[in-house]
Amino acid sequence: MRRRAADFRRPLRARRFPNAFWWVLCGVAVLLFIYTLSRGSQIESRPVLTTRYRHDRVMEGLNITEEMLSPNSVARQISDQIALAKAFVVIAKESNNLQFAWELSAQIRNSQILLSNAATRRPLTARESETAIRDMALVLYQAQQLHYDSATMIMRLKAKIQSLEEQMSSVSEKSSKYGQIAAEEVPKSLYCLGIQLTSEWFRHPNLQRKLKDRKIEMKVKDNNLYHFCVFSDNILATSVVVNSTALSSNDPEKVVFHLVTDEINHAAMKAWFSMNSFRGVTVEVQKFEDFKWLNASYVPVLKQLQDSETQSYYFSGNSDDGRTPIKFRNPKYLSMLNHLRFYIPEVFPSLKKVVFLDDDVVVQKDLSGLFSIDLNGNVNGAVETCMETFHRYHKYLNYSHPLIRSHFDPDACGWAFGMNVFDLVQWRKRNVTGIYHYWQERNVDRTLWKLGTLPPGLLTFYGLTEPLEPSWHVLGLGYTNVDPHLIEKGAVLHYNGNSKPWLKIGMEKYKPLWEKFIDYTHPLLQRCNFH
């Protein structure tokens with residue numbers, strides 16, 4: 001079919017959708033796009049607001065302003081100058097340049113006042129800030145000219161630290177010496193009591209007759225009774241041990257105390273326990289000078305006392321230019337009253353079991369239960385002290401010595417003297433005193449251990465010690481703080497350490513536990529000013 005010519009075609013119809021409609025449609029689309037963007041910006045702005053809030057809170061807590069955080073902050077620059085100037089003040093004083101130290105301090109005060117006024121009243125003016133920074137800069141420049149720079153400061157501070165460490169070491173050494181001297185002091189009142197009691201003993205023969213009672217002689221050998229031993233030259237301390245044991249005992253008539261002292265205090269000790277009654281407790285008093293077997297040929301400690309080098313070490317204090325701490329040079333560690341604990345079977349040949357007590361303990365529970373404890377064939381019943389590594393064998397012994405290293409486990413558990421149950425039958429059977437002699441003779445040069453009777457005790461009773469319930473023996477009242485619950489439950493409280501309760505340096509909070517067993521109304525105690 002043929003197309004018509006252009007002139008004869010039908011005219012075109014008008015478009016259904018005019019241009020205006022398309023413009024409206026585009027406008028709506030733009031509005032929707034804008035609305036979508038605005039909703040998105042609102043959603044995204046929420047965490048920004050939270051972060052901003054937190055930032056402001058942190059700034060407020062640190063007392064920091066936006067101006068101080070600015071790299072061009074005048075306040076921060078002044079604060080930095082103040083910090084540096086304070087360090088220079090210390091150096092200036094150390095250099096004895098007091099005038100310059102005063103100038104620095106004055107400038108520091110001016111800058112601090114300026115910052116304070118700016119924070120509370122009005123912002124700093126350009127003139128004020130420039131003046132403050134320039135004045136401080138001049139002083140700091142002067143400090144640098146005096147070689148108060150960072151390198152010099154570091155060197156000076158190192159020297160100061162070294163000097164302080166040396167001073168601290170010197171003060172610590174002096175403190176140790178003075179503390180040891182105070183611990184070894186015998187109060188005048190104790191001297192007085194000894195003199196008064198000695199006079200009473202020789203003035204009144206009836207006191208002497210009391211201790212010769214036939215019943216006492218039988219009781220001290222009766223193994224059906226509870227036997228305790230104390231080796232001491234301190235009359236009052238020994239009295240507290242006996243009195244506290246008597247008052248805590250359920251059956252004091254069965255309690256027997258064997259006291260051993262020296263020649264000087266023998267009469268006084270006998271007089272005190274003759275004129276005082278302790279609820280029916282039997283008391284025997286001896287002096288170690290009467291023991292015929294106690295001589296230099298049998299006892300290593302007595303043999304060592306005859307050696308000139310040993311005498312110089314313990315009594316002159318000049319043998320090693322003071323390198324050995326004073327506590328290791330205390331002559332009391334050579335006292336036979338300290339070492340008699342290793343000769344208990346010889347001291348009491350008729351006894352089978354005995355409880356050893358130090359003179360610095362207080363008894364607050366009945367101790368009869370100790371005599372029924374099964375030691376499982378061991379010789380020594382003691383409370384172990386190895387709750388921490390501090391109280392293991394390596395703390396007390398020299399493990400660089402091959403003899404110690406080859407015989408003893410360094411992590412073996414330590415234990416304490418002061419309250420010990422000794423099976424004397426097993427002691428004699430195993431020749432424990434001979435073991436003690438063996439180790440004591442090999443320590444003449446003090447290379448195995450240096451201090452006291454506990455290290456040789458650890459060696460002597462190694463593998464022969466039965467652990468006891470910790471509440472039987474609570475330690476530490478003479479040098480540290482002890483848990484009140486442990487004190488309340490403890491059967492025996494031990495004032496081990498330098499702060500003995502009868503000394504002025506005793507720990508005040510623990511003195512009442514000891515003093516309650518002393519009758520301060522006793523005429524002799526009042527006469528000797530005990531209070």
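Colleague: Let us begin with one cysteine in this predicted model: is C192 buried or exposed?

Modeller: The relative accessible area of C192 is 19%, and the cut-off for a buried residue is under 20%. Because 19% falls under that cut-off, C192 counts as buried.

Colleague: Which residue is the disulfide partner of C192?

Modeller: A disulfide is called when two cysteine sulfur atoms lie within 2.5 Å. The sulfur atom of C192 is 2.1 Å from that of its partner, which is C528.

Colleague: How many residues apart in sequence are the parts that C192 and C528 tie together?

Modeller: C192 belongs to helix 7, whereas C528 sits in the segment after helix 23 (523–527). The pair therefore ties together parts of the chain whose separation in sequence is 336 residues.

Colleague: What is the handedness of the disulfide between C192 and C528?

Modeller: The handedness follows from the torsion about the S-S bond, which is about -75° for C192 and C528. With that torsion, the disulfide is left-handed.

Colleague: Is C528 buried or exposed?

Modeller: For C528 the relative accessibility comes to 5%, and under 20% is what the term requires. C528 therefore counts as buried.

Colleague: Where in the chain do C386 and C413 lie, and how many residues apart are they?

Modeller: These two cysteines are joined by a disulfide with an S to S distance of 1.8 Å, and both C386 and C413 are buried. C386 lies in the loop between strand 6 (380–382) and helix 16 (393–396), while C413 lies in the loop between helix 17 (402–407) and strand 7 (419–423). The link thus connects distant parts of the chain, at a separation of 27 residues.

Colleague: What is the pairing of the bonded cysteines when they are numbered in sequence order?

Modeller: The structure holds 2 disulfides, one formed by C192 and C528 and the other joining C386 to C413. Numbered along the chain, the bonded cysteines give the pairing 1-4, 2-3.

Colleague: Turning to the second largest pocket, which helices each supply at least two residues of its lining?

Modeller: This pocket holds about 450 Å³ of space and is lined by 19 residues, with P187, S189, W502, K504 and H531 nearest its centre. The lining divides into 11 nonpolar, 3 polar and 5 charged residues. At least two lining residues come from each of helix 7 (188–203) and helix 22 (511–515).

Note on methods:
Residues numbered from 1 in each chain as written. Predicted model: local features only at pLDDT ≥ 70, side-chain atom pairs only at ≥ 80, totals over all residues. Heavy atoms only, no water. 1 Å grid on protein atoms, 1.4 Å probe; cavity = no way out; pocket = protein on both sides within 12 Å on 5 of 7 lines; lining within 4 Å. Points joined across faces, edges and corners; volume = space filled by probe spheres on them. Helix = DSSP H or I, 4+ residues; strand = E, 2+ residues; numbered from the N terminus. Nonpolar A, V, L, I, M, F, W, Y, C, P; charged D, E, K, R; others polar. Buried < 20%, exposed > 50% of the residue type's maximum accessible area, 1.4 Å probe, protein only.
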